[in-house]
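Subject: Structure handover

Hello,

Here is the structure I said I would pass on. Please open it before reading the notes below.

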Amino acid sequence: MLPPDVTELLKHSAVFSHLDATALTALERELVWFCLPGGRPLFKTGEPADALYLLKSGSLGVFDSPTQRIQQIAVGDSVGEISLIGSERRNRTVRALRDSELLRLDRAAFEALVGRHPQAMLGVARVAIERLLRRDRDEIEPDKPRTFALLPLDANVPARALAMQLGQALETYGSCAVIDAEQGAGRSSDWFAERESQLRFVIYLDTGSDPLWRQRCLRQADVLLLPTQAAQAARPWPETIPGLAVLARHRPMHLILLHAGHQPSLGAARRWRAQFSELPPDHLQHHHIGYQADIARLARLVSGHARGLVLAGGGARGLAHLGALRALREAGHVFDAVGGTSIGAIIGAGVASEWELGAMTEVFRRAFVEDRPLSDWTLPLIALTRGRHATRMLRGAFGALDIEDLPLPYFCISTCLSGGGMTVRRHGPLWLWLRASCAIPGVLPPVLHQGRVYVDGALVNNLPTDVMSNSGIAHITAVDIRADIALLTTAEEYSTPPWWRLLLQRHQDIRRPGLVSTLVRAAMVNSEGPSEHRRDRADLLLTPPLEHVGMLAWKDWQRAIEAGYAHTLEILERQARTGAIQEPVRDL
């Protein structure tokens, strides 16, 4: 027999919500209800594709490899639609992330249903096509977590206070309850499933007094939250020991580092992340928590409501980012994650460091305008400059910070010329990977690191909104340097004239592209085509008009900033008038 709430589940599912009452009744007769324990596979790559599954309770993960989870299936979602239309073999593995209940619809039963109720094909086909299109565009569907297990390392962690504050922050996006060992003791699986169906979020809180309850928290959760006091000596979590780790590693894990002050302790994230060395680096996210605003950001990040900022490269024109940031901050916009390329990566690192905007503007004015990081010209055996000034500038601005030390999640893009192409850096020395991200080939020497060669990320991805989106960020604001940077000339030449002819032509109106301009422009050509698609992935796209600012005209820094500010104000005011823009997020 099917449970009594199946009809409501079908009415709200993407694949069957369009069916009338008669078709829904016929569908229910074809469904098979079963349970799948956490960690067990529903099906594996290469197995016959012969059924669709609808998730009634629990959580499923879609895996591209034994450890690489690419999608989470939430309650009410389906998996396997393509198999009902024509696929013969599964091309992904799907595994229960926690104890789950599912409804199975076999291919033969579906075909019989379609014969009597043809409209049943519409929803299945629509969802299948949408997923195929996302796959072709290399898009990852965002997670929709509902349940969280808050598993502190030890009794020194104020776990209950953290759970209550996090629950209050999650209430912004739906109802939330905290369930501890006292409330959950002796309860059946049905009791937990009923609570989860009534609430948008549930936080299962362990305070360390009952090992069996901790196991229950682990089995019930879509996401694992692992808080600890950052200043303590790092040691392993119980969930990292053999046996428990098998169940834990298939779900998102968030390391929560609690700090006595607002600024994270240098090296704390690296020390604690080392305790999870058996996991892929991207499987574990970490968060620095000092003030209430940090908990509000944590709530947005773990629940799928975070807002990200992406900043493009573009030489001196990239200083327009500072003006755009000024307008966005005046409008109350808050960002939970930051990423960028080249100068966008450098300015983005200041945002992720939570620098005050006036101080950040002064730091970059001195760095780019006064210190002139591209002024150490040399014999061009590798590049036109030595790169020492640029390196000194970055080390002076960011010191010994690791990317992991930044208060906000951050990444920067570089290009590996030793194979692999685009490189996304979320860990390691900040100054080093900023230096790689802005290493314009021929202008700055490449970064040579561990036998590999890294150069400017603009070669492959100048506006990495795709990287931000695939990190699970719900709303993306992108600032693109889209001014016309085509190199134009009035000369008709196939080789450079001799010096005496150039001297005679110095008073004539003949324009030739300079060496540095040619190299900078060439570095951005390859990423232009894909950038059109990446612009489409931004929810708020800002493209300041910057034709009046040269790519290396650092002396025009004020004009670039003002252009970014005026353009952003214009876009925000226009969208506010039309109601097209979402309300900015303000920390609680």
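Is Leu 166 buried or exposed? This is a predicted model, and in it Leu 166 has a relative accessible area of 1%, so Leu 166 is buried. The residue belongs to helix H6. Setting aside neighbours within four places in sequence, Leu 166 is in contact with Ile 203, Leu 225, Ile 295, Leu 298 and Ala 299. Of these contacts, Ala 299 is 133 residues away along the chain, yet the two C-alpha atoms are separated by 6.2 Å.

The sheet

Six strands make up an open sheet with parallel pairing, and their order is S10-S11-S9-S12-S13-S14. Strand S10 (176-179) and strand S14 (284-289) are at the edges with a single partner strand each, so one side of each has no neighbour in the sheet. From one strand to the next, the twist averages 20°.

Strand S9 (residues 147-150) pairs with strand S12 (residues 223-229) over three bridges, in the parallel sense. Leu 150 stands opposite Leu 225 in S12, and Leu 225 is also one of the contacts of Leu 166.

Helix H6 (residues 159-170) lies across S9, S10, S11, S12 and S13, at about 180° to S11. Helix H9 (residues 211-220) lies across S9, S10, S11 and S12, and its angle to S11 is about 155°.

Salt bridges

The structure holds 26 salt bridges.

- Arg 116 and Glu 30 meet in a salt bridge, at 3.7 Å from N to O. Arg 116 is in helix H4 (residues 107-116) and Glu 30 in helix H2 (residues 21-30), 86 residues apart. Arg 116 is partly exposed at 45% relative accessibility, and Glu 30 is partly exposed at 25%.
- Arg 160 and Asp 180 meet at 3.1 Å, N to O. The pair is 20 residues apart, with Arg 160 in helix H6 and Asp 180 in the loop between S10 and helix H7 (181-184). Arg 160 is partly exposed, at 37% relative accessibility, whereas Asp 180 is buried, with a relative accessible area of 10%.
- Arg 270 forms a salt bridge with Asp 402, and their closest N and O atoms are 2.7 Å apart. Arg 270 is in helix H11 (residues 268-273) and Asp 402 in the loop between H16 and S17, 132 residues apart. Arg 270 is partly exposed at 45% relative accessibility, whereas Asp 402 is buried at 8%.

Salt bridges with shared partners also join Asp 50, Arg 90, Arg 104 and Asp 106 into one network.

A charge without a partner

Asp 405 is in the loop between helix H16 (388-398) and strand S17 (410-416). Asp 405 is buried but has no salt bridge, and the nearest side chain of opposite charge, Arg 270, is 6.9 Å away. Not counting residues up to four places away in sequence, Asp 405 touches Pro 264, Ser 265, Leu 266, Gly 267, Ala 268 and His 288.

Cysteines

How many disulfides are there? The count is zero. For Cys 438, the closest cysteine sulfur is in Cys 412, and the distance of 9.6 Å is too far for a bond. Cys 438 is buried, at 10% relative accessibility. Cys 217 is also buried, at 0%.

Regards

Methods. Residues are numbered from 1 along each chain as its sequence is written. This is a predicted model: local features need pLDDT of at least 70, side-chain atom pairs count only at pLDDT 80 or more; totals for chains, interfaces and linings use all residues. Side-chain values use heavy atoms; hydrogens and water are left out. Helices (H or I, at least four residues) and strands (E, at least two) are DSSP runs, numbered from the N terminus. Buried means under 20% relative accessible area, exposed over 50%, partly exposed in between (1.4 Å probe, protein chains only). Lys and Arg count as positive and Asp and Glu as negative; His and the chain ends are not counted. A salt bridge is a side-chain nitrogen of Lys or Arg within 4 Å of a carboxyl oxygen of Asp or Glu. Contact means heavy atoms within 4.5 Å. Two strands pair if DSSP finds at least two bridges between them. Axes are lines fitted to C-alpha atoms, for helices over the stretch in contact, and angles run from 0 to 180 degrees between N-to-C directions. A disulfide is a pair of cysteine sulfur atoms within 2.5 Å.
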